[in-house]
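The sequence and structure are shown first.

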Amino acid sequence: MFQGKNLVLYALSYGLRILDWIKIAFTRRYRVIASNDVKIEFIRIPSRDPGRFIRAYRYVPKNATGKLPVYLHWHASGWVLKRLGIDIHLCSKISKELNCVVLECDYRKAPENKFPAAHNDTEDAVLYVLANDHVYDTNRISVGGSSAGGNMALSLSAQLGPERIKSCFALYPALHLIHPDRLGSIMGRVCDEFHSGVVIPNWCMKLFINAYTTPETDMNNPRLSPIFYDASKFPKYVALACGDADTLYRMGFEFMKKISGSASGGNVDGSRRFISIPNEAHEFNTFCSTRESRKKRDMMEDEAISVIRASWRQ
């Protein structure tokens, strides 16, 4: 019986990847480089496993000199979809505006690789930066990501602590993984109308969770569900953005209320802030099909950049 379920899981995951690649190909015009003043190169980052490397794109301002601060980014995937390079607009903009190195890193995907494989790859990428302080300014490291990538960025920022990670920017992250039959108790949006993005159906969330976890996985492990980390574990500077038509909106808002200690989801000095995007759904910035959505994407990116910049001035 288990083998039969496993075959169905693999078939659905591969089918979803194919559909996603088709969608990405037909919407490529929405994801363009934000600045031609940034050089992009493909690199391989060593992992903890001998002979295995993590693929990544490195963004560097063309006229940059000396050691630069680093922002590491992980894409949305549900831990299943293969999408390295999809966040070229955000990564190139951050590199240009902050005069920093951006590492847009890949990670192993499910169902071939179960938890904590992807989380370990994110940790290895940061450890690679820390081990190369002759190349990078390791006193100024920030992390970020979208959806599953945002989950891992937040988890990693708490795991490594504010001494090593200065800030985190999470886009519509999945913060609390739970048994698929109980998803309705934690998911929720506050708006039904949206300009761009997708509403994640329950069957898709169930697929992602079943692909990355096993029946023995502890869903309350804070590495997997960063909502269970103590607020003090996170960097001083955390920005979380989510569209109000996104089914992950409610858990994102609850998380920011917890770590900011404020009913608004943000503290007084603005170092921890919840960025609510009106009338937008999941991945609105990746598939921004309207001019209004592109304006909101740009405003959101500017706000995230301001948080990262402030953290590097400390």
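The text below treats the fold as a whole, then one histidine, then the aromatic ring pairs.

**Overall form**

The model is predicted. The protein contains 7 helices and 8 strands. Its radius of gyration is 18 Å, close to the 20 Å that the globule rule gives for 314 residues, so the protein is as compact as a globular protein of that length. Taken along the principal axes, the C-alpha atoms fill a box of roughly 60 × 45 × 40 Å.

Of the 314 residues, 58% are buried. Where contacts join residues at least 6 apart in sequence, 76% of them are between residues at least 24 apart.

**Histidine 282**

Histidine 282 lies in the loop between strand E8 (272-277) and helix H7 (291-312). Is this residue, histidine 282, buried or exposed? Its relative accessibility is 4%, and because buried means under 20%, histidine 282 counts as buried. Apart from neighbours within four places in sequence, histidine 282 is in contact with Ser147, Tyr172, Gly197, Val198, Ile200, Asp246 and Leu248.

**Aromatic pairs**

A pair of aromatic rings is described by the distance of the centres and the angle of the planes. The count for this protein comes to 10 aromatic pairs. Two of these pairs are set out in the table.

| Ring pair | Distance of centres | Angle of planes | Class |
|---|---|---|---|
| phenylalanine 42 and tyrosine 57 | 5.9 Å | 70 degrees | edge-to-face |
| tyrosine 229 and phenylalanine 234 | 6.0 Å | 85 degrees | edge-to-face |

The planes of phenylalanine 42 and tyrosine 57 are at 70 degrees, so the pair is edge-to-face, the cut-off for that class being over 60 degrees. This pair links distant parts of the chain: phenylalanine 42 belongs to strand E1 (residues 38-46) and tyrosine 57 to strand E2 (residues 53-61), with the two residues 15 residues apart. Phenylalanine 42 has 45% relative accessibility and counts as partly exposed. Tyrosine 57, at 28% relative accessibility, also counts as partly exposed.

In the other tabulated pair, tyrosine 229 and phenylalanine 234 are both buried. Elsewhere, ring pairs link Trp79, Phe115 and Tyr212 into a cluster.

How values were computed
Residues are numbered from 1 along each chain as its sequence is written. This is a predicted model: local features need pLDDT of at least 70, side-chain atom pairs count only at pLDDT 80 or more; totals for chains, interfaces and linings use all residues. Side-chain values use heavy atoms; hydrogens and water are left out. Helices (H or I, at least four residues) and strands (E, at least two) are DSSP runs, numbered from the N terminus. The radius of gyration is taken over C-alpha atoms; the globule rule is 2.2 Å times the number of residues to the power 0.38. Buried means under 20% relative accessible area, exposed over 50%, partly exposed in between (1.4 Å probe, protein chains only). Contact means heavy atoms within 4.5 Å. Rings of Phe, Tyr and Trp (its six-membered ring) pair if their centres lie within 6.5 Å; planes under 30 degrees apart count as stacked, over 60 as edge-to-face and the rest as tilted.
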